[in-house]
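My notes follow in the order I made them.

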Amino acid sequence: MGLSRNQSIRSSGEYLEGMLSDYMGGKTKPSTRASPKAATSSRLVTVLTCLQFAFAVYATFLLYFMSPSVDLRGKPDFSWATRIWKQFTLTPHVINHYQESNALVKEYSLIPSQVCEQEKIDFVQKKSTDAVMIKLKTELYQQVLDFQKAKIGTETLSELMSMKSKWDNSKNKIPKVTVILNHFKRKTLCAQIDSLLHQTLPFHHVWVLSFGSPNEQSLKRIVESYNNSKISFISSSYDFKYYGRFQMALQTEADLVYILDDDMIPGTKMLQILSHVAGTEKYKNSVLGSIGRILPFRQKDFTFPSYRKFRSKEAGLYLPDPAYDITLDRVVQVDFLSSSWFLSAELVKTLFIETPFTFMTGEDLHLSYQLQKYRNAGSFVLPVDPKDKETWGDSEHRLAYVAETTVIFKDIVQVRDDQWWKALSNGYITQWAAMNPQKIDALFYAHSIEEVKTLSPLLEKFRTTVGKKAYIVVSGGGFCPCEEAAVALKWPKSVCKERRFKIFDLGIGAISAAVSDSEVPVFQGVYASMKGLIKIHNPSVVIAVSDIETNVKKALKMAAETNLNGSTLVLLPRSTVPKALWMADLRPTALPNWNRMRLSISIITQNRVNSLTRLLKSLSNAYYLGDEVAITFNMDSKVDEATLKLANSFEWAHGPKILRRRIIQGGLIRAVSESWYPSSDDNFGLLLEDDIEVSPYYYLWIKNALLSYHYDPQVSLPELASISLYTPRLVEVVKERPKWNATEFFKGIHPNTPYLHQLPCSWGAVFFPKQWREFYVYMNTRYTEDAKQNPVQIPKSRTNGWQASWKKFLIDMMYLRGYVSLYPNFPNQASFSTNHMEPGAHISAKDNVVKHDKSDFEVPLLGRDFRDLLPNGKLPPVGKLPALNLFNQAVSLKGLKAAGAKLGQDVLECGAAEVVVVDRETGLASHCAKF
């Protein structure tokens with residue numbers, strides 16, 4: 001503290017001599033033994049020597065106890081010594097004697113009672129008389145409390161204090177707590193300091209901040225009047241607003257920080273209570289306080305009101321709220337704290353990860369939002385003992401409440417409304433979001449305007465499909481501004497301002513991504529926000545383009561994986577987005593399984609290089625939606641050179657390529673049946689002979705069918721063993737082989753309905769892993785060189801005499817166990833595969849007496865999107881799929897099983913109403929079960 005001296009004061013020697021003379025001897029008479037001058041000098045030397053010694057002792061003690069190696073919290077209080085020193089050197093007597101030093105002495109002897117002012121509270125605590133609002137507010141509070149009791153557990157004050165804590169005062173585990181008091185105009189500083197000086201847990205330091213305050217000098221005098229080395233005054237003529245105190249908190253070396261507004265006068269037990277709770281395992285990663293807010297709830301029109309909306313239950317809660325008689329007897333998690341914050345010094349750093357929405361207000365919400373987003377930390381208001389005000393964080397609640405009720409400037413309310421809505425739109429899980437988990441079908445993410453345009457058809461399909469719900473997230477900032485995205489989607493720009501879920505702007509530039517060459521800010525921003533949004537909305541799928549930036553792709557993948565309810569990241573190549581519109585027709589329970597299926601293509605080839613070339617070209621031109629598809633060439637020992645070279649040189653862009661060549665010629669039955677074996681329950685085999693050709697849409701048919709009938713947990717069709725790409729034109733198993741037209745046959749249901757058929761297809765079909773394992777075991781058990789020796793003879797089926805046919809054994813197994821295949825059905829038998837009927841092991845073989853008309857087998861390939869041909873533009877529900885037996889007769893699935901059971905020729909002897917059940921992993925017959 002700087003001191004100024006009056007110019008009229010005499011020389012220091014004269015002043016000090018006179019002062020000490022008065023103290024030591026009063027106004028003595030001159031001695032007769034010595035001159036007056038000599039006597040005065042002698043006394044002065046004596047007094048100065050004594051004072052020098054006393055001061056040396058005093059300074060030694062002070063220096064020792066100010067040493068960094070000494071725990072300041074346990075020091076004795078030496079302020080008494082300072083007071084004695086002042087009284088000794090500057091007594092009222094001296095002041096009167098030396099009137100010219102009056103100003104200096106007055107400044108030096110300030111005590112709190114001389115400079116302290118008290119805030120006047122000349123009003124009674126506001127109490128509402130609105131019965132409706134009292135009812136609404138108390139009901140909402142009870143709903144919140146009941147939810148938190150069930151979800152996370154809530155404790156009373158006594159229960160909190162009985163919890164095991166790192167900071168256990170009884171075991172001398174005392175934390176260092178820095179208290180930060182921020183002051184501008186309010187006259188509460190003395191009340192705050194007095195309370196802090198009497199805390200049951202002593203503070204480490206108190207920092208009084210005055211930033212741009214008109215009362216800086218009076219605040220400074222108050223701090224100095226306490227003459228306490230642990231209480232410091234920090235000021236600046238620049239107003240750092242509400243964030244300055246948190247910036248100062250970054251400088252503390254303490255364990256914990258307690259930041260108080262000037263309207264908070266804590267009870268004397270608060271530091272002990274707060275420290276204890278902060279040291280518990282449950283609340284160590286939290287910010288604690290005494291006043292909090294729960295943000296608005298969604299209204300019936302699906303919008304969110306202002307947090308200041310009058311007479312609205314959905315406007316949220318202010319806790320505690322004396323106006324509605326809401327007091328807290330249990331700890332409550334809130335969306336943000338007001339007026340006081342108690343947290344670990346480490347957590348304070350989180351406030352500055354993102355640039356705040358504004359520096360003018362809203363630091364309270366920004367702190368809680370950032371802590372949850374980046375540290376998974378919650379905000380909690382502690383309960384109090386209503387009978388003990390020393391446990392209250394605001395022992396004079398009227399001070400805080402008047403601040404709450406008077407901050408009603410329209411522009412401030414709008415800013416804060418915009419701020420909390422932006423937080424909720426960026427993944428802040430408010431109490432409303434926690435209490436009301438959402439469920440949507442798809443959440444799209446676009447990092448650029450071009451990505452928005454690419455994804456827009458699929459987004460629009462989801463949003464226009466009855467019963468479906470989808471939103472889009474854009475990166476915002478300089479990457480993809482929300483308003484530009486809205487224009488690209490042909491939406492009004494106002495959607496970016498509405499408090500309604502539709503489009504979310506992450507504002508990625510808020511964490512300096514716009515000026516950084518590092519990918520870290522973008523990754524961090526996308527991951528942290530998307531993690532929260534996914535948790536709030538629980539999308540079945542998160543959809544983005546496959547060529548999105550690598551770091552963004554990683555962030556999306558990590559965010560999707562954090563959702564315990566199951567959200568699947570779907571990455572679509574841009575060119576295939578229009579081909580995936582049928583995704584919106586899938587049930588929400590099927591969508592999360594989008595990435596599960598793994599298709600393995602097995603090509604059986606030997607010496608038809610031209611046929612193989614045609615097949616490979618058709619496979620390469622198909623749409624795979626970005627999925628990985630493995631391809632294997634199965635070549636017999638007599639493969640020709642041209643085929644071998646083609647297989648070696650073929651480039652497959654959709655997955656691994658494998659070449660297999662037999663040493664000993666196996667023939668077609670082995671070449672096909674041994675070409676693939678499932679590696680998992682999600683591995684499906686597509687078996688293709690080289691004279692087959694496929695439609696560009698074949699994979700879409702397979703994936704759509706699997707997701708609709710196999711991967712939907714709400715759909716049960718265990719009889720489905722394969723999916724055919726081909727639609728037959730003949731009844732194959734009847735001797736006469738009559739022509740058959742599925743479109744005509746099913747016109748009473750729908751001319752293009754898919755159907756279930758007991759006949760497996762050998763001209764392009766996908767086989768299921770479970771049934772293929774069964775088939776291996778079954779064929780191994782029943783295989784005979786002579787077809788007549790086979791114990792299974794299906795009545796009136798020409799398959800009984802088939803020689804060297806793997807398909808015959810599969811037909812037998814499917815007939816005995818009631819399995820079926822799914823077949824497409826489009827005009828003119830247009831299919832996803834066709835058979836070109838080229839000479840081979842069966843067609844035109846010397847020992848095959850059956851003549852084949854190519855027009856009966858070669859069907860046109862479907863060259864267009866098939867969705868609009870289906871009933872109601874999508875695959876029908878499983879209950880509406882018609883079923884046919886081996887002879888193309890309409891039969892129920894139960895009827896198919898009954899026919900097989902009646903034949904009674906399976907590997908186990910079962911009853912008339914039983915079928916064989918097999919082990920899923922091994923395919924071995926296990927037991928019989930009723931159907």
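Which residues have the most contacts inside the largest nonpolar core? I note first that the model is predicted. I found Met 530, Ile 543, Leu 599, Ile 601, Leu 619 and Tyr 698 at the top of the list, in a core of 213 residues. Helix 25, residues 698-709, supplies the largest share of this core, with 9 residues.

I then looked up the neighbours of Leu 619. Leaving out residues up to four places away in sequence, Leu 619 touches Ile 601, Ile 603, Tyr 624, Ile 631, Trp 652, Leu 688, Val 694 and Tyr 698. I also found another core, apart from the largest one, with 39 residues. Ile 231, Tyr 258, Leu 260 and Tyr 283 are among its members.

Next entry: the chain as a whole. I have 30 helices and 29 strands for the protein chain. Of its 931 residues, 53% are buried. I looked at contacts between residues at least 6 apart in sequence, and 80% of these join residues at least 24 apart.

Next entry: helix 9 and helix 10. How do the axes of helix 9 and helix 10 cross? Helix 9 covers residues 189-197 and helix 10 covers residues 216-226; their axes come within 10 Å and cross at roughly 25 degrees. Angles under 35 degrees count as roughly parallel, so I put helix 9 down as roughly parallel to helix 10. The crossing of helix 9 past helix 10 is right-handed. From helix 9, I listed Leu 189, Cys 190, Ile 193, Asp 194 and Leu 197; they meet Leu 219, Ile 222, Val 223 and Tyr 226 of helix 10. By class I wrote down 8 nonpolar residues, no polar ones and 1 charged for this contact.

Last entry: helix 28 and helix 30. At what angle do helix 28 and helix 30 pack? The angle is about 105 degrees, and the axes are 6 Å apart, for helix 28 at residues 806-817 and helix 30 at residues 893-903. The range for roughly perpendicular is 65 to 115 degrees, and I therefore recorded helix 28 and helix 30 as roughly perpendicular to each other. On the helix 28 side I found Tyr 815, Leu 816 and Arg 817. On the helix 30 side they meet Leu 896, Lys 897, Ala 899, Gly 900, Ala 901 and Leu 903. I sorted the residues of this contact into 6 nonpolar, 1 polar and 2 charged.

Notes: Residues are numbered from 1 along each chain as its sequence is written. This is a predicted model: local features need pLDDT of at least 70, side-chain atom pairs count only at pLDDT 80 or more; totals for chains, interfaces and linings use all residues. Side-chain values use heavy atoms; hydrogens and water are left out. Axes are lines fitted to C-alpha atoms, for helices over the stretch in contact, and angles run from 0 to 180 degrees between N-to-C directions. Helices (H or I, at least four residues) and strands (E, at least two) are DSSP runs, numbered from the N terminus. Angles under 35 degrees count as roughly parallel, over 145 as roughly antiparallel, 65 to 115 as roughly perpendicular and the rest as oblique. A crossing is left-handed if the near helix is turned anticlockwise from the far one by less than a right angle, and right-handed if clockwise. Contact means heavy atoms within 4.5 Å. Ala, Val, Leu, Ile, Met, Phe, Trp, Tyr, Cys and Pro count as nonpolar, Asp, Glu, Lys and Arg as charged, and the others, Gly among them, as polar. A nonpolar core is a set of buried Ala, Val, Leu, Ile, Met, Phe, Trp, Tyr and Cys residues joined through side-chain atoms within 4.5 Å. Buried means under 20% relative accessible area, exposed over 50%, partly exposed in between (1.4 Å probe, protein chains only).
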